[in-house]
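I open the notebook and load the model. My plan is to take one topic at a time.

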Amino acid sequence: MVEAIVHADAGKPAGEPPPADVQHHPVKLYLAVWAWLFVLSACSYLVDYVGLHGWLRWTLIVLFMLLKAGLIVAIFMHMAWERLTLIYAILLPPLLVLVFVAIMASEANYTLLTRLLYYGGGN
């Protein structure tokens, strides 16, 4: 609906104000998000530069990645201003996929443990 309004305004003179239901976001908001994305990317690169290893390294990298993805989805894809049902329709399925992957990973660990115990660990 907003696209139709924006396209309908294309022929109007430049001095007229836009309709009340068209959202305009300040440039300052986008610049702040770009700055945060730069800081988060720098932190992600610093994890490798400092030489962290193991779970701490991967936890920090995934955390920075998820924060950047959240900022991009919320601001640049305008999800922060959408209705809650649309947000649920877009964000809930990937969240459920992650839950199912975690369940499958725990089941795989259980299967591996029972096989190692039953077969004696390859001795």
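**Entry 1: salt bridge.** I start with the rule: a salt bridge is a side-chain nitrogen of Lys or Arg within 4 Å of a carboxyl oxygen of Asp or Glu. By this rule I get a count of 1 salt bridge. I looked up the partners, and they are the side chains of R57 and D48. From N to O I read 2.7 Å. I then checked how open each partner is. R57 counts as partly exposed, at 22% relative accessibility. D48 is also listed as partly exposed, with a relative accessible area of 42%.

**Entry 2: the model as a whole.** I note that this model is predicted. What is the average pLDDT of the protein? I find 82, and 79% of the residues score at least 70. Next I looked at the elements. Helix α2, residues 27-50, has the highest mean pLDDT, 93. Helix α1, residues 2-8, has the lowest, 47. Over residues 1-8 the pLDDT is below 50. Beyond near neighbours in sequence, I find 5 contacts for this stretch in the model.

**Entry 3: the fold.** How many helices and strands does the protein have? I count 4 helices and 0 strands. From the N terminus on, I write the order as α-α-α-α. I also looked up contacts between residues at least 6 apart in sequence, and 48% of them join residues at least 24 apart.

**Entry 4: V47.** I picked a residue in helix α2, namely V47. Is V47 buried or exposed? V47 counts as buried because its relative accessibility is 4%, and the cut-off for buried is under 20%. I listed what V47 touches, leaving out residues up to four places away in sequence: L52, R57, L60, I61 and F64. R57 is one of the salt-bridge partners from my first entry. I also took the spacing of V47 and L60. They are 13 residues apart in sequence, and their C-alpha atoms lie 7.4 Å apart in space.

**Entry 5: the surface.** Of the 123 residues of the protein, 11% count as buried. I read an accessible surface of about 10,300 Å². Carbon and sulfur atoms hold 73% of that surface. Which residues make the nonpolar surface patch? I wrote down L84, Y88, L92, L95, L96, L98, V99, F100 and I103. The patch covers about 880 Å². I checked L84, which is found in helix α4, residues 84-119. L84 is exposed, because its relative accessible area is 51% and exposed means over 50%.

How values were computed: Residues numbered from 1 in each chain as written. Predicted model: local features only at pLDDT ≥ 70, side-chain atom pairs only at ≥ 80, totals over all residues. Heavy atoms only, no water. Patch = residues over 30% accessible without salt bridge, like charges linked within 9 Å, V, L, I, M, F, W, Y side chains within 5 Å. Areas by Shrake-Rupley, 256 points an atom, 1.4 Å probe, with all protein chains shown as cover. Helix = DSSP H or I, 4+ residues; strand = E, 2+ residues; numbered from the N terminus. Buried < 20%, exposed > 50% of the residue type's maximum accessible area, 1.4 Å probe, protein only. pLDDT = per-residue confidence, 0-100. Contact = heavy atoms within 4.5 Å.
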